[in-house]
Amino acid sequence: MVRILRYFSLTAAVVLLSLSVGAKTVRVGVMLPLHDDNGDGRRMVEYYRGVLMGCDSLRLTGMDIDVRAWNLSENANVDEVLRDPAAAKCDLIIGPLYSKQVKALSDFVTKHNIKLVIPFSINSPEIYSNRNIFQVYQNNNTFNEAVVARFVGYFQNYHPIIIDCNDSESTKALFTSTLRRYLESRGMKYNLTSLRSTDEQFAKAFSSEQPNVVVLNTAHSPEMIQAFAKLNTLRSQKPELKITVMGYTEWMMYTKYQADNFYKYDVYIPAPYFYNPITSKTKRIEQKYRWNFHEDMQQSLPRFAITGFDHAQFFLRGIYQSKNFTGDAGLVSYVAAQTPLQFSRIGNGGLQNHSLLFVHYLPERRIVVLDQ
């Protein structure tokens with residue numbers, strides 16, 4: 001019985017894990033910064049551990065998997081890594097982390113007809129020309145368009161209100177401008193207000209005839225807290241108002257401290273993942289991680305080890321079924337613990353993940369995850 005290696009050398013070729021059970025072998029290469037020099041390395045070591053755990057779980061289903069990993073750090077010589085004869089034998093390569101390394105790997109997988117999974121980088125123009133690439137994360141424009149389209153569908157009977165939070169460091173101007181463009185193109189009326197508005201002016205932005213959906217133009221915590229305080233004042237004055245708040249993925253970091261407000265204001269948070277510590281699957285993965293590596297996962301969102309576990313389960317099941325796996329919905333019978341995947345082809349290029357969750361905090365203090 002093969003067990004997951006708890007410790008491994010952080011040299012160029014890290015470890016070969018062979019799970020020999022069935023007749024067909026899937027060969028996987030992991031090319032990521034696997035070191036302890038900085039946060040990138042530590043996060044990717046955790047991700048890689050999750051991949052190994054996913055492989056170990058798949059072994060129990062009868063799959064035969066070989067995994068070879070290389071420490072592809074930020075300043076590594078990519079060509080030197082790719083000269084290893086084992087690299088050309090892979091069916092699937094996971095990596096790189098850094099966008100500047102994508103071109104070399106893209107050319108390599110084209111030459112050898114290997115599938116390439118880019119697990120984190122979002123600046124990968126090769127996705128538009130290389131049919132062998134799976135890109136997990138969407139760029140900001142694609143993500144914003146998807147969220148806004150879903151917003152318009154969910155809240156078509158609501159009265160939208162966009163709050164200017166006067167945050168000069170906000171990165172959400174693109175989202176709110178995209179939202180306003182969508183609303184205007186569909187003839188949906190909305191109001192603008194500000195955290196600096198008087199309580200009377202602020203109240204005028206809200207409808208007493210329709211439910212209201214509020215959007216801030218920042219994801220930062222201080223402004224979010226101010227907005228909830230202003231909504232509290234409004235609700236004390238007009239308790240009959242129906243108010244829902246649309247948040248941002250970053251708000252998941254504040255759940256521990258803002259859960260009461262999230263439930264109170266019927267908050268929706270769009271995200272490509274959802275870490276739920278109370279599910280049996282999450283608890284089981286975290287327990288096995290602790291057993292294998294004698295430590296807990298890092299307190300990050302998403303959890304990198306669970307991401308690696310989900311990726312291994314999804315892609316290896318797919319490649320095992322067919323070398324021509326495309327990641328379409330329904331092709332893999334695996335329910336993600338945290339990070340769902342569903343791909344579609346971009347023109348004549350590669351495959352882009354378009355899975356998007358809306359995490360809904362209901363006033364009765366329940367959480368519902370909407371995936372469509």
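Phe-293 is buried, with a relative accessible area of 3% (buried means under 20% relative accessible area, with a 1.4 Å probe and protein chains only). This is a predicted model, where local features need pLDDT of at least 70, side-chain atom pairs count only at pLDDT 80 or more, and totals for chains, interfaces and linings use all residues. Residues are numbered from 1 along each chain as its sequence is written, and side-chain values use heavy atoms, leaving out hydrogens and water.

**Aromatic pairs**

- Searching the whole structure turns up 26 aromatic pairs (rings of Phe, Tyr and Trp, the last by its six-membered ring, with centres within 6.5 Å; planes under 30 degrees apart are stacked, over 60 edge-to-face, the rest tilted).
- Phe-134 and Phe-315 form an edge-to-face pair, because their ring centres are 5.3 Å apart and their planes meet at 75°.
- Phe-134 belongs to strand S6 (residues 133-135) and Phe-315 to helix H11 (residues 304-321), 181 residues apart (helices are DSSP runs of H or I with at least four residues, strands runs of E with at least two, numbered from the N terminus).
- Both Phe-134 and Phe-315 are buried.
- Tyr-289 and Phe-293 make a tilted pair, since their ring centres are 4.9 Å apart and their planes are at 55°.
- Tyr-289 is also buried, at 1% relative accessible area.

**An aromatic cluster**

- One cluster includes Phe-175, Trp-251 and Tyr-361.

**Charges over rings**

- Arg-150 has its charged end over the ring of Phe-358, 5.1 Å from the centre (CZ of Arg or NZ of Lys must be within 6 Å of the ring centre and within 35 degrees of the ring normal).
- Arg-303 lies over the face of Tyr-275, 4.1 Å from the ring centre.

Technical notes:
Buried means under 20% relative accessible area, exposed over 50%, partly exposed in between (1.4 Å probe, protein chains only).
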